[in-house]
Amino acid sequence: MSTEQLKRRWWHNAVVYQIYPRSFNDSNGDGIGDIPGIIEKLDYIKQLGANVIWLSPVYKSPMDDNGYDISDYMDIAPEFGTMEDMDELIAQADERGIKIVMDLVANHTSDEHPWFIESKSSKDNPKRDWYIWKDPKEDGSEPNNWESFFTPKAWTFDEPSGQYYCHLFSKKQPDLNWANPEVRDAIYSMMHFWLKKGLGGFRMDVINMIGKPSDYPDATIFDSGVAGWEHWSNNLLVHQYLREMHDKVLSHYDVLTVGETPFTTTLDGRYYSHPDRNEVSMIFHFEHMSIDREEHNAVRKPFDLVEFKSIMSKWQDDLYQKGWNSLYWSNHDQPRAVSRYGCDSPEYRVISAKMLGTALHMMSGTPYIYQGEELGMTNKFFASIDEYNDLMAKFHYQKMMGKGIPEQDALDFLNYFSRDHARVPLQWNTDTNAGFTTGTPWLAINENYVDINAEQAISDDNSIYHYYRNLISLRKSDEYGDVIVYGNHKILDENDAEVYAYLRFYDGKTLLVVANFTAGNQTRSYDFQLKKVIVNNYEDDCSSIQDITLKPYQAYIFNVE
Ligand code: TEU
Ligand code: CA
């Protein structure tokens, strides 16, 4: 085994911290986080050890989907700041050795983008073909039966022109027509505009959905996912567009690109991220995100560790030397990791959050930390549908009501899975509003900020924050960096439903990672010689890995031979 086949890239040992600007830090008391607020906290991120920030969208937007509906790609939303603020953020981050990765939302724009306003204005407008317009079927119904993530159908009728436009998300997020070379060129020049400012790269929103088959066929799969996905996700056209994008844009810069790609297998993952295909650096797959729910049907499923391990090791093994993994527990679309995969009771919150960090950060790939994950922030309880902000929560609620699901069950589902859990403002200290704002926060603060906040975490050597710092520094260390970043991977005891154990090995060095996913004691034996305990999320001692009893949510990293 060697890394000879894999050329080393700077983003291989990067650690990315994701910021959702609206919820990070408000500098001017209007209740909305902003770019100057991020600049104030750059040292916090630097001290954590992350060297890349992925910034969710800050572009001009009517905020139907909190910025994932862009009305001007080359301007900043006034609530977030100005272009000068953005330039300042890039410069200040750079001074601290941190690169900024922006969100490229190019599957769709806002319906208030001038391109769409023109496109909609008449059937013979030169921009008509920049979006996807189709005639109704003979009976006047939608051009096909595709569904949308945020509305029942993927099509909205435009009375004046008598045609429908396609939107895989809200009706205020019309899909761009990537088959039109003018569209692609407009996106590419916008990318150059940003990359020339010294960006570290792009996170590409639902990039695997940009290639739509030219005949727009009906969906045939209705039992999983948003109907139509077999046509618009991972269509071969997306690979062609990405290679063109690489050729015309990305090849001119040394950047990190990560494609967000729901409905994606490891084979797709290799197509996207194999270095010789020149598409993207890595992708976010969703397989472990659907392990405990059928999102589309709003049904919760029990978390199964055996299944989880098989998903994660499949990605580790299948992409080894043939692509690159991104590693994540959470993001702005997902519930809080500790509430979902760990245990957020006062007794186990800290220990289980550390266990989750250990299990993920010792894998091969580039780890992503979602703001507040390093503090073990938890889901917030929402008592009624009116307390939610997210359009997806409202859509799912309507859908569940339509199916006759009892209201309490619908609210329970959202209390597990709503995207708003991640969007609750960051908890900085014990001041009013957790130090996030001096005004009224746009989304209510979680009352547990009095115990869970950054100030507390920084002052407590035993905090999750310092534990994450240590995990990050191991990945960057001379001693263990290579084995963590480039080492081979092997799952142990794949049918063990309580403990997750795997090996990483490289150049004669072997790490054994052991994580107890339960609140009970677990005794296991590992057939290796213990050389050193590198990390233990408890303070006890461990002298042998034969008949070792793991305490609730205990996690170890061992150096073994
Ligand atoms: O998310 C795409 C996506 O697939 C989500 O709708 C996902 O299914 C859900 O959020 C939770 O699993 C991206 C962005 O990350 C999201 O914030 C946007 O709303 C969406 O695209 C549209 O741009
Ligand atoms: Ca503000």
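Let me begin with a term: two strands pair if DSSP finds at least two bridges between them, and helices (H or I, at least four residues) and strands (E, at least two) are themselves DSSP runs, numbered from the N terminus. What I am showing is a predicted model, in which local features need pLDDT of at least 70 and side-chain atom pairs count only at pLDDT 80 or more, while totals for chains, interfaces and linings use all residues. Residues are numbered from 1 along each chain as its sequence is written, chains are lettered from A and ligands numbered from 1 in the order in which they are written, and side-chain values use heavy atoms, with hydrogens and water left out.

With that in place, which residue stands opposite Gln163 of strand 8? That residue is Asp158. Strand 7 and strand 8 (residues 163–166) run antiparallel and are joined by 4 bridges. They belong to an open sheet of 3 strands, in the order 6-8-7, with antiparallel pairing; its edges are strand 6 (133–134) and strand 7 (155–158), each of which pairs on one side only.

Over residues 18–423 the chain is 33% helix and 13% strand, with the end C-alpha atoms 12 Å apart.

Now to the helices, where axes are lines fitted to C-alpha atoms over the stretch in contact, and angles run from 0 to 180 degrees between N-to-C directions. Helix 12 (residues 391–402) packs against helix 13 (residues 407–417) at an angle of about 150°, their axes being 10 Å apart, and the two are therefore roughly antiparallel, a label for angles over 145 degrees. The contact (heavy atoms within 4.5 Å) is made by Ala393, His396, Tyr397, Met400 and Met401 of helix 12 and by Glu407, Ala410, Leu411, Phe413 and Leu414 of helix 13.

The axes of helix 11 (residues 349–361) and helix 16 (residues 464–475), for their part, come within 10 Å and cross at roughly 15°, which makes helix 11 roughly parallel to helix 16, the label for angles under 35 degrees. On the helix 11 side the contact includes Arg349, Val350 and His361, and on the helix 16 side Ile464, Tyr467 and Arg475 are among the residues involved.

Note on methods. Angles under 35 degrees count as roughly parallel, over 145 as roughly antiparallel, 65 to 115 as roughly perpendicular and the rest as oblique.
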